[in-house]
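User: I am new to this structure and would like a short tour of it. Could we begin with what the burial terms mean?

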Amino acid sequence: RPLQPYPLDFFTLLRRSVFSFVVEMPPKDKVVKVAHILKMHVQAGKAAPAPPLGPLLGQKGVNTGTFCKEFNERTKAYIEGAVIPTKLTVMSDRSFTFESTLPTAAWFVKRAAGVAKGTAHRGQIWVGEITIQQIYEIAKRKQQDPAFLRTSLQGVCKSIMGTAHCCGLRIVLPDENLEQFEGKAKETVAASTDSKKEKRATA
């Protein structure tokens, strides 16, 4: 008995299934990809479409008004004018997301010293003073930043001291007794170390 050929419906069904699979795949020009990544410093509560922020975002196809509104809303808890490091991710369809951290270390140390501007000649011209105690207080805040999550409090303090030196701030001892301050500092470092160990144990 001769072999019967496959029914036509089988080949039709196969062809349609293949074509339907191809048609359902999104066109290359409609695949949303990361188009631009911008790292910038924006003042809290003061984002505006005016230069220099407006033209920078406009060149990347970002809706400047929408970004400014969302950024000002998200940073309204900060002191107005605080310099906020911001990472903006722009997609190919012009949508965007952004991440903001705490104000910069330079802003913290200049505010603690009561100066508006640093020096252009670090190590030669001093524009103000900042105490070790203030360094520790700033370091405890900045340790929450993603860049310092794996850094000890002592390491963060060294980084803050370097920033203060670059800004032209002389680092001085606090007004209180030195031994008393050193005891507080050691307690702070020990507490920070214990909390990190607990987080690692629960992770």
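Analyst: A residue is called buried under 20% relative accessible area, exposed over 50%, and partly exposed in between. Please keep in mind that this is a predicted model.

User: Where is Trp126 in the chain?

Analyst: Trp126 lies in the loop between H4 and strand E4 (128-131).

User: And which residues does Trp126 touch?

Analyst: Leaving out residues up to four places away in sequence, Trp126 touches His165, Gly168, Leu169 and Arg170. Leu169 is 43 residues from Trp126 in sequence, yet their C-alpha atoms are 5.7 Å apart in space.

User: Stepping back, how many helices and strands are there?

Analyst: The protein has seven helices and five strands. Starting at the N terminus, the elements follow the order α-β-α-α-β-β-α-β-α-α-β-α.

User: What share of the residues is buried?

Analyst: Of the 203 residues in the protein, 30% are buried. The accessible surface is about 14,200 Å², and carbon and sulfur atoms account for 55% of that surface.

User: What share of the contacts joins residues at least 24 apart?

Analyst: Taking contacts between residues at least 6 apart in sequence, 65% join residues at least 24 apart.

User: Let us turn to helix packing. How do H4 and H6 cross?

Analyst: The axes of helix H4 (residues 105-113) and helix H6 (residues 153-166) come within 9 Å of each other and cross at roughly 70 degrees. That angle makes H4 roughly perpendicular to H6, since 65 to 115 degrees is the range for that term. The crossing is right-handed.

User: Which residues make that contact?

Analyst: H4 contributes Ala105, Ala106 and Val109, while H6 contributes Ile160, Thr163 and Ala164. By class, five of these residues are nonpolar, one is polar and none is charged.

User: What about H5 and H6, at what angle do they cross?

Analyst: The axes of helix H5 (residues 132-142) and H6 come within 9 Å and cross at roughly 115 degrees. This crossing is right-handed. On the H5 side the contact is formed by Ile132, Ile135, Tyr136, Ile138, Ala139, Lys140 and Lys142, and on the H6 side by Leu153, Val156, Cys157, Ile160, Met161 and Ala164. The residues of this contact comprise 11 nonpolar, no polar and two charged.

User: That leaves H4 against H5. How far apart are their axes?

Analyst: The axes of H4 and H5 are 11 Å apart, and the two helices pack at an angle of about 150 degrees. H4 and H5 are therefore roughly antiparallel to each other, as angles over 145 degrees count as such. H4 passes H5 in a right-handed crossing.

User: Which residues meet there?

Analyst: Ala105, Phe108, Val109 and Ala112 in H4 meet Gln134, Ile138, Arg141 and Lys142 in H5. This contact has five nonpolar residues, one polar residue and two charged residues.

User: What surrounds Lys142?

Analyst: Apart from neighbours within four places in sequence, Lys142 is in contact with Leu102, Pro103, Thr104, Ala105, Phe108, Phe148, Val156 and Ile160. Its C-alpha atom is 9.2 Å from that of Thr101, a residue 41 places away along the chain.

User: Now the backbone. Which peptide bond is cis?

Analyst: The peptide bond from Pro51 to Pro52 is cis, with omega near 5 degrees. Pro52 sits in the loop between strand E1 (34-43) and helix H2 (53-59).

User: And what is phi of Arg94?

Analyst: Phi of Arg94 is near 75 degrees, which is a positive value in a residue other than glycine. Arg94 belongs to the loop between strand E2 (83-91) and strand E3 (96-100).

User: Is Arg94 buried or exposed?

Analyst: Arg94 is exposed, because its relative accessible area is 59%.

Notes
Residues numbered from 1 in each chain as written. Predicted model: local features only at pLDDT ≥ 70, side-chain atom pairs only at ≥ 80, totals over all residues. Heavy atoms only, no water. Axes fitted to C-alpha atoms, helices over the stretch in contact; angles between N-to-C directions. Helix = DSSP H or I, 4+ residues; strand = E, 2+ residues; numbered from the N terminus. Parallel < 35°, antiparallel > 145°, perpendicular 65-115°, else oblique. Left-handed = near helix turned anticlockwise from the far one by under 90°. Contact = heavy atoms within 4.5 Å. Nonpolar A, V, L, I, M, F, W, Y, C, P; charged D, E, K, R; others polar. Buried < 20%, exposed > 50% of the residue type's maximum accessible area, 1.4 Å probe, protein only. Areas by Shrake-Rupley, 256 points an atom, 1.4 Å probe, with all protein chains shown as cover.
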